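Dear colleague,

I am passing on the structure we spoke about, and below it you will find my notes on what turned up when I went through it. Please read them with the structure open beside you.

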Amino acid sequence: MPTAHNAAKKGEIAGTVLLPGDPLRAKFIAENYLDRPRCFNTVRNMLGFTGSYRGKEISVMGGGMGIPSVSIYSYELFHHYAVENIIRIGSAGGLQEDIELKDIVIAMGACTDSNYAYQYELPGSFAPIADFGLLEKAVQSARERGTVPRVGNVVSSDIFYNQFTDVNRKWASMGVLCVEMEAAALYMNAIAAGKRALAILSISDHLFREGELSAEERQNGFTEMMEIALNTALKID
């Protein structure tokens, strides 16, 4: 400590970290939800803050876009900063017809087209899944505020602009709820480290229908998802 990507010193990051992709979303959460937030990282503008939420110390930090980025930040948080729980809070594109903009999806599992798991040298395909304790707490937190979350499989893709235009329909045909770009690597890093991870997602657009949220709405408008994640963090012993 610090690492090449994180300027925090020992003890500056809480045991539970909320990890949005957008560092400005991390800043928004710190300024609007945390008491006495303290900035612990500005390296590469990947902002990180620690503060108090209803009396509990919580950190929030940007994780970037895609598996390479989130894998670096989550690995360092787990291995260098003794973080025990990471809750990803991010945007996703809906795949099922009954998924609407701003719906909350809690990722029980994360399919992927990434080769990230090759490093574990497993004799087959690994299925990245969330920590059930965190998942259970998130569902409870959502229901307590009157939200009905969708819980199920998501897909973490390495490709945003895919030349195979029917790829998302194939994932949808297998019941996958939405597509994003980070959860699978986060889950693998957590499992390999003996730590806990969960992805809570808000639908920002739909792959098969018109309509999408603006960049500003994605940055600042996901308050329902943010509050579910914060209240989930409160339930962690």
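**What was found**

In helix 7, the buried residues are Met225, Met226, Ile228, Ala229, Leu230, Asn231, Thr232 and Ala233. This helix, residues 223-234, has 12 residues and reaches 16 Å from its first C-alpha to its last, which is close to the 16 Å expected at 1.5 Å a residue. Please keep in mind throughout that this is a predicted model.

**The nonpolar cores**

The largest nonpolar core holds 68 residues, and the members that touch the most other members are Tyr187, Leu198 and Ile200. Helix 5, which covers residues 183-193, gives the most to this core, with seven residues. Apart from it lies another core, of six residues, including Leu95, Val155, Val176 and Val179.

Once neighbours within four places in sequence are left aside, Leu198 is in contact with Ile86, Ile87, Arg88, Ile106, Ala107, Ala130, Leu134, Leu135, Ala138, Leu186 and Tyr187.

Together, strand 7, helix 4 (residues 167-173) and strand 8 make a right-handed β-α-β unit.

**Two buried polar residues**

Asn41 is placed in strand 2, residues 35-41, and counts as buried because its relative accessibility is 1%, under the 20% cut-off. A polar atom of the Asn41 side chain lies 2.8 Å from the backbone nitrogen of Ala7, while the backbone oxygen of Met46 is reached by the side chain of Asn41 at 2.7 Å. Leaving aside neighbours within four places in sequence, the contacts of Asn41 are with His5, Asn6, Ala7, Met46, Leu47, Gly48 and Met61.

Ser52 is found in strand 3 and, at 14% relative accessibility, also counts as buried. A polar atom of the Ser52 side chain lies 3.4 Å from the backbone nitrogen of Gly55. Not counting residues up to four places away in sequence, Ser52 touches Tyr33, Leu34, Asp35, Arg36 and Glu57. The C-alpha atoms of Ser52 and Val17, which are 35 residues apart along the chain, are separated by 12 Å.

Most residues other than glycine have a negative phi. Which values do we find for phi of Arg44 and of Glu121? For Arg44, phi is near 55 degrees, a positive value in a residue other than glycine, and for Glu121 phi is near 50 degrees, again positive in a residue other than glycine. Arg44 has its place in the loop between strand 2 and strand 3 (48-53), and is exposed, with a relative accessible area of 66%. Glu121 has its place in the loop between strand 6 and helix 3 (132-144), and is likewise exposed, with a relative accessible area of 71%.

With best regards

How values were computed:
Residues numbered from 1 in each chain as written. Predicted model: local features only at pLDDT ≥ 70, side-chain atom pairs only at ≥ 80, totals over all residues. Heavy atoms only, no water. Core = buried A, V, L, I, M, F, W, Y, C linked by side-chain atoms within 4.5 Å. Buried < 20%, exposed > 50% of the residue type's maximum accessible area, 1.4 Å probe, protein only. Helix = DSSP H or I, 4+ residues; strand = E, 2+ residues; numbered from the N terminus. Contact = heavy atoms within 4.5 Å. Polar contact = N/O pair within 3.5 Å; in protein donor to acceptor, adjacent residues only side chain to side chain. Right-handed = clockwise from strand over helix to strand, strands pointing away. Expected span 1.5 Å × (residues − 1).
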